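Subject: Structure handover

Hello,

Here is the structure I promised to pass on. Please open it alongside this note.

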Amino acid sequence: MYSREIVDETFRLKAQGLTDKEIAARCGVSLRALRHWRYGTRRGPEVEARRADRTMYCPRCSMGPLQEEAYSYLLGAYLGDGHITENKNRPGVHTLWILYDKKYPQLIAYCRAAIEAVFPVKVFMADRPGCTAIKAASKHWPCVFPQHDPGKKHDRPILLEPWQRRIVDEHPQALIRGLIHSDGCRVINRIRKASSRAEEEYHEYPRYHFTNASTDIIDIFTHALDRLDIAWKIHVNKRMPRYRDAHIVSISRKDAVARMDTFVGPKY
């Protein structure tokens, strides 16, 4: 039987974006065991005890441990395109929902691994038009995400608690990765050179975009970029009806894009 530390390490590495084969080689475990921990039923007595007392995972209800890098990623995913609902049939139980485009199965796997690394809960997948809903129930999601409140995020303040700010400052890459995976993109920008209409006279270069209607979430994102000295620009969209008046953060400088590529990269 592998130690809890090894099991937790596999979830941490999965949240960082490593493949199962890379994780198995690094941790010295089999692929079968690795996938069993993630998708199977873990019935060891130590695990069952931890499942029974989930308050030990809550940073507000106890002094329990929190896998901080996985949490930083999950916070980004939640702020980008997630929400929390209360279960009407089970008072006090809340469900965390994270929505990812279904054409990116690897990103869905990252998010699922991050949820399981933060809380020992069963993760469910639900099909929605054009996307996959990754969801998990716990009484403590509002504790872990105190930004939860009725209404849309851009209609209310979204401010980090001091303990969240510390985690984000220590793991800005994970937060940025979660935000881009859930509500951002990496695109190829194409600009025609001055005084030219010829196809071969276009200039192409990669850039990252993050779009959100909440200025507070935009501030959280750009603060993390500043922590890594990644240059960015911001403008307000006035063209696309779906994102009208939303703020768009653009990362287009060659060195900034290269830095982002080291820990975010294209979606797949």
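Below is what turned up, going from helices to strands to cysteines.

Please bear in mind that this is a predicted model.

Helix packing. Start with H5 (residues 68-81) and H9 (residues 172-183). Their axes come within 7 Å. The crossing angle is roughly 35 degrees, and the crossing is right-handed. On the H5 side, the contact residues are Glu69, Ser72, Tyr73, Leu75, Gly76, Ala77, Leu79, Gly80 and Asp81. H9 answers with Ala174, Leu175, Arg177, Gly178, Leu179, His181, Ser182 and Asp183. Sorted by class, this contact of H5 with H9 has seven nonpolar, six polar and four charged residues.

Strands. E7 (residues 233-236) pairs with E8. The sense is antiparallel, and there are four bridges. E8 itself covers residues 247-251. Four of its five residues are buried, so strand E8 is largely enclosed by the rest of the structure.

Cysteine 143 has a relative accessible area of 16%.

Best wishes

Notes
Residues are numbered from 1 along each chain as its sequence is written. This is a predicted model: local features need pLDDT of at least 70, side-chain atom pairs count only at pLDDT 80 or more; totals for chains, interfaces and linings use all residues. Side-chain values use heavy atoms; hydrogens and water are left out. Buried means under 20% relative accessible area, exposed over 50%, partly exposed in between (1.4 Å probe, protein chains only). Axes are lines fitted to C-alpha atoms, for helices over the stretch in contact, and angles run from 0 to 180 degrees between N-to-C directions. Helices (H or I, at least four residues) and strands (E, at least two) are DSSP runs, numbered from the N terminus. A crossing is left-handed if the near helix is turned anticlockwise from the far one by less than a right angle, and right-handed if clockwise. Contact means heavy atoms within 4.5 Å. Ala, Val, Leu, Ile, Met, Phe, Trp, Tyr, Cys and Pro count as nonpolar, Asp, Glu, Lys and Arg as charged, and the others, Gly among them, as polar. Two strands pair if DSSP finds at least two bridges between them.
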